[in-house]
Amino acid sequence: MNPVEKGHKEVNGIKMYYEIYGSGKPLVLIHGGAGSIRFDFKEIIPKLENKFQLIGIDLQNHGMTEHRNIPETFEQDTKDVASLLKEIKIEKASFWGFSNGGNTVMQIAHLFPDLVEKLIVASAFYKKTGMIDGFFEGMENVTLESMPESLKNNFLELNSDQSALKNMFEKDSKRMQTFEDWSEDLLKGIKSPTLFISGDKDVMKPEHVVEMWRLVENSQLMILPATHGSYMMADFGGNIDGKLIDFTVSEIEKFLNN
């Protein structure tokens, strides 16, 4: 993957890393917890870089962006993304957020609606009961040792500082442990065209994604035969379902161009 532009911008007290691929209508890519641009969207960027201007952003404490010693919040990530886009002169874009990144892009539509052309919310949630049984109970005792090796390796390839890995893990975990349900009004207030995507064996229940789809007026829904994110990236075992990813990309391209 060869970005046409990459680097850091000073944003809200930290240096945020971003990459830009291709040209055309801007599509901002927001990774999930413990992820990065190149981990979460590794399979996607080569398939879309000739069709859109792809803008990938590493969020606070992730990838090649600097760390903070404050709790992570989706609202802070939202403000960081909006500020970075202002720095690189992007006034309006579509957004594709995966997992926690999906929560972030919903907050972008809520807090900065004028920034949003269209929204792709992939494998996200808005209330605790929407997650599979035992998810939040499991988060209470989670340890760095239990973090998938693929995510650890990705982080350390980009930032070899073990204390930074620990900080990212603790901040991500704490955000989940302290998550409080969002109001339905947040979703009802999303006015941009929205596509919800999830796997039928995802970490959020399919019926929860259906619930979100019903709350956002005129939104679209796609539930695929997949685990968490395996419709767009390798699963945690490193397996890639190329045909499924191609299908996801073709549907997203159709959604963005209609």
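**A chat about cores and helices**

Modeller: Let's start with Ala109, which is buried, with a relative accessible area of 7%; buried means under 20% relative accessible area, exposed over 50% and partly exposed in between, with a 1.4 Å probe and protein chains only. Before we go on, this is a predicted model, where local features need pLDDT of at least 70, side-chain atom pairs count only at pLDDT 80 or more, and totals for chains, interfaces and linings use all residues. Residues are numbered from 1 along each chain as its sequence is written, and side-chain values use heavy atoms, leaving out hydrogens and water.

Colleague: Thanks! Where is the place of Ala109?

Modeller: Ala109 sits in helix 4. Helices (H or I, at least four residues) and strands (E, at least two) are DSSP runs, numbered from the N terminus.

Colleague: And what does Ala109 touch?

Modeller: Not counting residues up to four places away in sequence, Ala109 touches Val116, Leu119, Ile190 and Ser192. Contact here means heavy atoms within 4.5 Å. Ala109 and Leu187 are 78 residues apart in sequence, yet 9.0 Å apart in space, C-alpha to C-alpha.

Colleague: New topic: how many residues has the largest nonpolar core?

Modeller: That core has 45 residues, and those with the most contacts inside it are Ile57, Leu85, Phe95, Met106 and Leu187. A nonpolar core is a set of buried Ala, Val, Leu, Ile, Met, Phe, Trp, Tyr and Cys residues joined through side-chain atoms within 4.5 Å. Its largest share, 5 residues, comes from helix 3 (residues 74-87). There is also a second, separate core of 38 residues, which includes Phe155, Leu165, Ile197 and Met233.

Colleague: Now helix 9. Which of its residues are buried?

Modeller: In helix 9 (residues 206-215), the buried residues are His208, Val209, Met212 and Leu215. Down the helix axis they fall within an arc of 115 degrees, so they line one face of helix 9; the arc is that of the directions from the helix axis to the C-beta atoms.

Colleague: What do those buried residues pack against?

Modeller: They pack against helix 4 (100-111), helix 8 (184-188), strand 7 (194-199) and strand 8 (220-224).

Colleague: Which exposed residues are on the face turned away from the buried side of helix 9?

Modeller: Glu207 and Arg214.

Colleague: Last one: which residues of helix 6 and helix 7 meet?

Modeller: Lys152, Phe155 and Leu156 in helix 6 meet Gln162, Ala164, Leu165 and Met168 in helix 7.
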